[in-house]
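Have a look at the sequence and the fold first, then read on.

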Amino acid sequence: MSNLLAISSSPRRNGNSELLLKSFIKGVEEAGWQSNMVRVNDLKFRPCQACDACALTGECVQKDDMQKMYPMVKEAQAMVVVTPIFFGSLSAQLKMFIDRFQCWWHAKYNIKKPFVPLEEERKGFFISVGALKNKRYSESALSVVKVYYHNINFIYSDGLCYREFDRKGDIEKDPDALDNAFRMGLKLASGTDDVD
């Protein structure tokens, strides 16, 4: 059965970005996929130490919770990455998570043995929520996520970026936003644009 890896990077449980993610997951599961949601804030791991020990093997030498994340990414048929906007970009939790895939960069570009074959065309999605009107902030976050997907051989497919939602739960005042996330997940799993 196909599976989705859902990465929630907010430190706040059931905040606006996580509520959108849960709607996305509902769409995926309604179409028959399995999903696995991971809260990055619950993981115990350190940032990349730039030691380059992974340059020879493509494997990170730090023994922490990221060691269980690498196989999950490798086995996922699709991924959705979700973040609140902090200081004009993605959350610190998500940036730490992404940086720990430096080992996959070495596997792809130096060792020439990527963990995910590009020809499998696995899809990557993005959702962000910010409090301010400035769309450049969500674009900044998306640009980092696109680089991440490129380096791990997922193909960026689609995204939702919402602004002017600040307080926890504010997104629930916009049912269209939650419905859009649901439909995006349904579209992914059903493999069609017709999700009415």
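## Pocket, cavity and a helix

Helix 1 (16–30) and helix 5 each contribute at least two residues to the lining of the largest pocket. Helices here are DSSP runs of H or I with at least four residues, strands are runs of E with at least two, and both are numbered from the N terminus. Please keep in mind that this is a predicted model, in which local features need pLDDT of at least 70 and side-chain atom pairs count only at pLDDT 80 or more, while totals for chains, interfaces and linings use all residues. Residues are numbered from 1 along each chain as its sequence is written, and side-chain values use heavy atoms, with hydrogens and water left out.

**Empty space.** Rolling a probe the size of a water molecule over the atoms shows where empty space is left. On a 1 Å grid over the protein atoms alone, a cavity is a set of points where a 1.4 Å probe fits but cannot get out, whereas a pocket is an open set with protein on both sides within 12 Å along at least five of seven lines; lining residues have an atom within 4 Å of a point. Grid points are joined across faces, edges and corners, and a volume is the space filled by probe spheres set on the points. The structure holds 1 cavity of 30 Å³ or more.

| Space | Volume | Lining |
|---|---|---|
| Largest pocket | about 280 Å³ | 21 residues |
| Largest cavity | about 100 Å³ | 16 residues |

Nearest the centre of the pocket lie Pro84, Ile85, Val129, Gly130 and Ala131. Its lining divides into 10 nonpolar, 8 polar and 3 charged residues. For these classes, Ala, Val, Leu, Ile, Met, Phe, Trp, Tyr, Cys and Pro count as nonpolar, Asp, Glu, Lys and Arg as charged, and the others, Gly among them, as polar.

**The cysteines.** Cys48, Cys54, Cys60, Gln102 and Cys103 are the lining residues nearest the centre of the largest cavity. Even so, the structure holds 0 disulfides (pairs of cysteine sulfur atoms within 2.5 Å). For Cys54, the closest cysteine sulfur is in Cys103, 5.4 Å away and too far for a bond. Cys54 is buried at 9% relative accessibility, while Cys161, at 30%, is partly exposed. Buried means under 20% relative accessible area, exposed over 50%, and partly exposed in between (1.4 Å probe, protein chains only).

**Helix 3.** Which residues of helix 3 (residues 92–99) are buried? They are Gln93, Leu94, Phe97 and Ile98. Seen down the helix axis, these buried residues fall within an arc of 130 degrees, so they line one face of helix 3; the arc is that of the directions from the axis to the C-beta atoms. Their cover includes strand 1 (3–8), helix 2 (66–75), strand 3 (78–84), helix 4 (102–109) and helix 5 (135–152).

Gln93 has a relative accessible area of 18%. Leaving aside neighbours within four places in sequence, Gln93 is in contact (heavy atoms within 4.5 Å) with Ser9, Pro11, Val40, Asn41 and Phe45. Lys95, also placed in helix 3, is partly exposed at 35%.
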